[in-house]
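I opened this entry to keep track of what I looked up, one topic at a time.

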Amino acid sequence: MSDTATVSEAPSGDLFSKFDDIIETRETLLASGVEDPYNLVMEKVLSPTRAICNGRDTILLGTYNYMGMTFDPDVIDAGRQALCDFGTGTTGSRVLNGTYQGHKECEDALREFYAMDHAMVFSTGYQANLGIISTIAGKGDYVVLDIDSHASIYDGCAMGNAEIVPFRHNNVEAMEKRLKRIPEEAGKLVILEGVYSMLGDVAPLKEMVAIAKKHGAMVLVDEAHSMGFIGENGRGVSEDQGVIEDVDFIIGTFSKSVGTVGGFCVSNHPKFDILRLVCRPYVFTASLPPSVVATAATSIRKLMHGDNKRAHLWENSRILHKGLRDLGFEIGTDEAQSAIIAVIMPDLQQGAAMWEALLKEGLYVNLARPPATPAGMTLLRCSLCAEHSAQEVQEILAMFERAGKATGILS
Ligand SMILES: Cc1ncc(COP(=O)(O)O)c(C=O)c1O
């Protein structure tokens with residue numbers, strides 16, 4: 001089959017026929033003449049908040065660079081030094097030749113950041129969820145999770161073969177109802193996220209963690225979108241809501257506030273370290289390059305003193321949320337709950353048109369659509385950065401107003 005073969009030309013028995021619906025939706029969208037929202041190239045990245053896209057200086061409002069650490073001079077120096085001192089890569093698993101001094105220092109930084117006994121670094125956040133969940137929740141165990149959980153959480157459950165029990169998004173009563181139905185003696189893991197990445201809403205962890213504990217379940221919280229920003233020390237929503245001591249495992253990523261790539265789990269469980277020998281996505285893959293763990297460790301240590309950045313990011317988030325609402329856009333949350341502000345679009349076609357109009361204005365946001373989004377929504381997902389200036393936030397609002405009027409989404 002050639003690259004240009006259409007859905008109707010596919011031979012029968014083609015294993016790709018399962019993708020026909022998504023191919024058709026994509027072809028219809030592109031046939032309408034809009035630019036491909038999933039194929040944007042950043043020709044040059046100027047700072048945490050600006051890049052050259054299609055030859056134009058563009059404000060970035062669709063990255064996960066919440067704390068703006070990607071161009072921090074100390075972080076860059078640490079990476080450069082490690083690259084020179086330790087080379088480009090480890091070429092091995094953490095349990096063989098792939099643990100360097102930098103991996104240990106990175107785990108030390110995490111233990112200090114979270115004030116927890118144990119930390120384990122993975123090659124991505126995806127692998128951290130895949131590895132921890134599949135290793136601790138196996139056949140015969142139950143995983144009770146929010147239905148809007150990230151793909152890596154579902155994939156971890158599938159890999160471990162545990163019984164998956166989903167409950168309605170952020171619904172405390174639904175969660176308890178599910179827990180009550182599980183046999184008392186069964187192994188139970190409740191999985192929650194601090195911030196849900198599509199709508200940017202926060203979980204009621206205080207109530208949920210208490211209920212999970214009442215029913216004898218262990219609790220894992222994915223704080224991917226809250227680390228560095230939410231909570232007095234940036235430890236996340238579980239810190240902010242005062243339940244971090246009751247959480248058994250926190251999962252996080254270096255690909256958002258930390259500003260590089262990698263994932264981790266921190267815990268106070270006394271047997272935690274045995275996971276280093278039995279967790280397949282930790283054992284059977286190469287460890288992170290020395291430059292990456294050096295940048296992560298330096299960034300994490302700087303985030304411990306990120307109070308000013310946290311305060312500025314909250315200010316940005318509140319101003320953008322209110323400004324967009326005042327313009328007449330529908331927003332995923334009633335108030336700013338995180339650094340993610342989700343603007344709800346009427347449908348995919350209009351969402352793509354608005355996305356393109358914003359890009360032409362010089363603003364990049366994420367176009368998010370099902371199956372990644374809840375309730376079939378099309379979203380323009382805006383994620384703010386602590387390095388956006390107050391002036392940039394005002395420019396962003398002006399761009400939304402012009403693009404909204406040009407596309408007819410605003411009257
Ligand atoms: C909630 C959540 N968990 C885990 C991940 C995976 O992180 P990583 O990019 O490090 O693989 C993501 C990534 O978007 C996420 O949103």
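Predicted model: local features only at pLDDT ≥ 70, side-chain atom pairs only at ≥ 80, totals over all residues.

I began with the pairing of S9 and strand S10 (residues 263–267), which run antiparallel and are joined by five bridges.

Next I asked in what order the strands of the seven-stranded sheet lie. The sheet is open, its order reads S4-S10-S9-S8-S7-S5-S6, and the pairing is mixed. At its edges I found strand S4 (118–122) and strand S6 (163–167), each of which pairs on one side only. From one strand to the next the twist averages 20 degrees.

I then looked at two helices that pack on this sheet. Helix H3 (residues 101–114) touches S4, S9 and S10, and its direction makes about 130 degrees with that of S4. Helix H6 (residues 172–181) touches strand S5 (142–146), S6 and strand S7 (188–193), with a direction at about 150 degrees to that of S6.

Another sheet was next on my list, an open one of four strands in the order S11-S12-S15-S14, with antiparallel pairing. Strand S11 (330–331) and S14 have a single partner strand each, so one side of each is left without a neighbour in the sheet. I counted on the listing for S14 and S15, which gives three bridges between these antiparallel strands, and I saw asparagine 366 standing opposite arginine 381 in S15. Helix H12 (residues 307–327) lies across S11, strand S12 (340–345) and S15, and runs at about 15 degrees to S12.

The largest pocket holds about 370 Å³ of space. It is lined by 24 residues, of which Tyr64, His150, Ser197, His225 and Lys256 are the closest to its centre. By class, the lining of the pocket divides into 10 nonpolar, nine polar and five charged residues.

How many cavities of 30 Å³ or more does the structure hold? I found one, and the largest cavity has about 50 Å³ of space. Its lining includes Arg94, His103, Val121, Phe122, Pro281 and Tyr282, and the elements that give two or more residues to it are S4 and helix H10 (280–283). I also noted the classes, which are six nonpolar, four polar and one charged.

Two backbone features went into the entry as well. Proline 370 and proline 371 are joined by a cis peptide bond with omega of about 5 degrees, and I placed proline 371 in the loop between S14 and strand S15 (378–383). Threonine 91 has a positive phi of about 55 degrees although it is not a glycine, and this threonine sits in the loop between helix H2 (73–86) and H3.

Last, I checked the confidence. The protein chain averages a pLDDT of 95, and 97% of the residues score at least 70. Over residues 1–5 the pLDDT stays under 50, and for this stretch the model has three contacts beyond four places in sequence.

How values were computed: Residues numbered from 1 in each chain as written. Heavy atoms only, no water. 1 Å grid on protein atoms, 1.4 Å probe; cavity = no way out; pocket = protein on both sides within 12 Å on 5 of 7 lines; lining within 4 Å. Points joined across faces, edges and corners; volume = space filled by probe spheres on them. Nonpolar A, V, L, I, M, F, W, Y, C, P; charged D, E, K, R; others polar. Pairing = 2+ DSSP bridges. Axes fitted to C-alpha atoms, helices over the stretch in contact; angles between N-to-C directions. Contact = heavy atoms within 4.5 Å. pLDDT = per-residue confidence, 0-100.
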